[in-house]
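Trainee: Could you take me through some of the labels used for this structure, and show me how each one is reached?

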Amino acid sequence: MPHRRPARLEHIAGIGVDRMGAMGDAAGRDLLRLENLDTDIPPDPEAVARTRAAAGEDAANSYLPFVGQDRLRDAGARHVAALSGVPYGRENVVIAAGGLSGILNALLAVVETGDEVIVTDPTYAGLLNRVRLAGGVPRFVPFVFSPGAEWRLDRDALAASVGPRTRAMLLMSPSMPSGGVLDRDDWALVAELCVRHDLLLILDSAMERLLFDGRAVLHPAGLPGMAERTVTVGAASKELRMIGWRVGWTVAPGWLMPDLVAVSLANVVVPVGIAQDAAAVALERSAATMPAYVAELQRRRDAVAGALRGLPFGLPAGGWSLLLRVSDFGLDGAAMSARLLEQGVCATGMAGWGTAHGADFIRFVFANEPVERLARLGPAVRAAIRTG
């Protein structure tokens with residue numbers, strides 16, 4: 001049947017992760033699985049136990065409340081209030097079916113067709129796709145890449161990126177996939193630009209506490225003028241390691257809540273009922289459980305950095321992944337991915353994840369393999385570079 005593809009899908013790109021995951025599953029051998037944002041570090045056992053209990057409870061087997069269960073809304077409000085210093089309450093929270101669902105809801109609530117949304121380069125292709133699906137146009141601001149060093153935001157480029165069609169910034173720190181972290185001066189500039197140009201900040205906070213080397217969380221909603229223009233979208237997936245639960249929370253100023261709720265009800269309506277109270281349990285306990293988890297992630301980051309010493313990678317200051325620039329060896333991410341698969345490593349190329357830092361890079365997710373197995377990465381990468 002002939003099909004005219006809707007214009008909103010014109011620039012929607014595949015993210016490559018699902019294809020690599022399918023190839024890894026079908027390989028029939030032991031691969032180093034670095035292609036997807038999964039983790040082998042289990043969730044809080046109390047959250048798992050609460051999930052099992054909820055599966056047998058009538059109240060959890062319901063569409064209601066449409067905006068999410070009260071305990072989780074309260075937990076989300078307290079969590080973001082503690083990080084930002086802004087006094088949020090339950091009335092500022094709507095629950096979403098995962099962080100990306102919350103991001104799309106926020107974009108649909110504020111972006112007109114043709115509006116520009118500032119993002120960093122690189123940025124997860126799934127976020128870029130949601131900007132486009134909402135009718136927006138991504139406006140890329142590059143991180144500065146220096147081999148072996150941490151990624152730095154190009155502040156001059158950020159200031160220059162604001163134009164007459166700019167409506168919002170969609171930012172993440174640590175950023176995915178680079179692990180780049182915005183420092184205090186970066187956030188001060190973000191706040192200054194948002195206030196001066198009347199922009200909304202949509203903060204993807206899925207990894208904001210996954211910070212290495214003793215960094216402290218900097219939440220921009222607490223900066224002058226930002227409480228009324230910051231939408232914080234959190235998720236149980238990365239910080240709480242509850243990927244399969246598909247639960248997120250959106251915390252926003254009161255003036256935006258009616259539109260966020262309207263979009264949410266017209267979209268997914270409500271996330272999994274049996275998952276919400278478990279996510280609340282994990283979030284309430286996370287201040288105590290987070291340090292050991294972050295320490296393990298940092299061990300894995302250091303293991304990967306050590307394995308790739310001397311090669312052109314960007315050092316992540318937080319998060320779950322590290323990028324290697326393979327264009328230095330006459331390759332793109334797709335070609336390197338194919339070579340690595342032959343060497344027993346499953347990893348995803350970054351085509352479509354940025355313009356300055358896209359196809360030239362390949363990503364290694366270090367959250368899903370223990371340190372002892374990550375030692376295999378260095379020899380495999382060097383063999384893949386030599387191949388051909």
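Predicted model: local features only at pLDDT ≥ 70, side-chain atom pairs only at ≥ 80, totals over all residues.

Trainee: Why are helices α4 and α8 called oblique to each other?

Mentor: Helix α4 (residues 99-110) and helix α8 (residues 257-266) pack at an angle of about 120°, with their axes 9 Å apart. Angles under 35 degrees count as roughly parallel, over 145 as roughly antiparallel, 65 to 115 as roughly perpendicular and the rest as oblique, and α4 and α8 are therefore oblique. The axes are lines fitted to C-alpha atoms, for helices over the stretch in contact, and angles run from 0 to 180 degrees between N-to-C directions.

Trainee: Which residues make that contact, and how do they divide by class?

Mentor: With contact meaning heavy atoms within 4.5 Å, N105, A106, L108 and A109 of α4 meet D259, L260, V263 and S264 of α8. Ala, Val, Leu, Ile, Met, Phe, Trp, Tyr, Cys and Pro count as nonpolar, Asp, Glu, Lys and Arg as charged, and the others, Gly among them, as polar; the contact of α4 with α8 accordingly has five nonpolar, two polar and one charged residues.

Trainee: What makes α4 roughly parallel to α5?

Mentor: The axes of α4 and helix α5 (residues 125-133) come within 9 Å and cross at roughly 30°, and that angle makes the two helices roughly parallel. In this packing, L100, I103, L104 and L107 in α4 meet L127, R130, V131 and L133 in α5, and the residues divide into seven nonpolar, no polar and one charged.

Trainee: Which residues of α5 are buried, and what covers them?

Mentor: Buried means under 20% relative accessible area, exposed over 50% and partly exposed in between, with a 1.4 Å probe and protein chains only. By that rule, A125, G126, L127, L128, N129 and V131 of α5 are buried, and their cover includes α4, β3, β4, β6 (166-172) and β7 (200-204).

Trainee: How do you know whether E116 counts as buried or exposed?

Mentor: E116, which is found in strand β3 (residues 116-121), has 19% relative accessibility, and so E116 counts as buried. Leaving aside neighbours within four places in sequence, E116 is in contact with V137, R139, S161, R165, T166, R167 and A168.

Trainee: Why is the ring pair of F143 and W151 called edge-to-face?

Mentor: Rings of Phe, Tyr and Trp (its six-membered ring) pair if their centres lie within 6.5 Å, and planes under 30 degrees apart count as stacked, over 60 as edge-to-face and the rest as tilted. The centres of F143 and W151 are 6.4 Å apart and their planes are at 75°, so the pair is edge-to-face. Both F143 and W151 are buried.

Trainee: What makes the pair of F145 and F361 edge-to-face, and where do its two residues lie?

Mentor: Here the centres are 5.2 Å apart and the planes are at 85°, so F145 and F361 are edge-to-face. The pair links distant parts of the chain, with F145 in the loop between β4 (137-144) and β5 (152-153) and F361 in strand β14 (residues 361-365), 216 residues apart. F145 and F361 are both buried, and ring pairs link F143, F145, W151 and F361 into a cluster.

Terms used. Residues numbered from 1 in each chain as written. Heavy atoms only, no water. Helix = DSSP H or I, 4+ residues; strand = E, 2+ residues; numbered from the N terminus.
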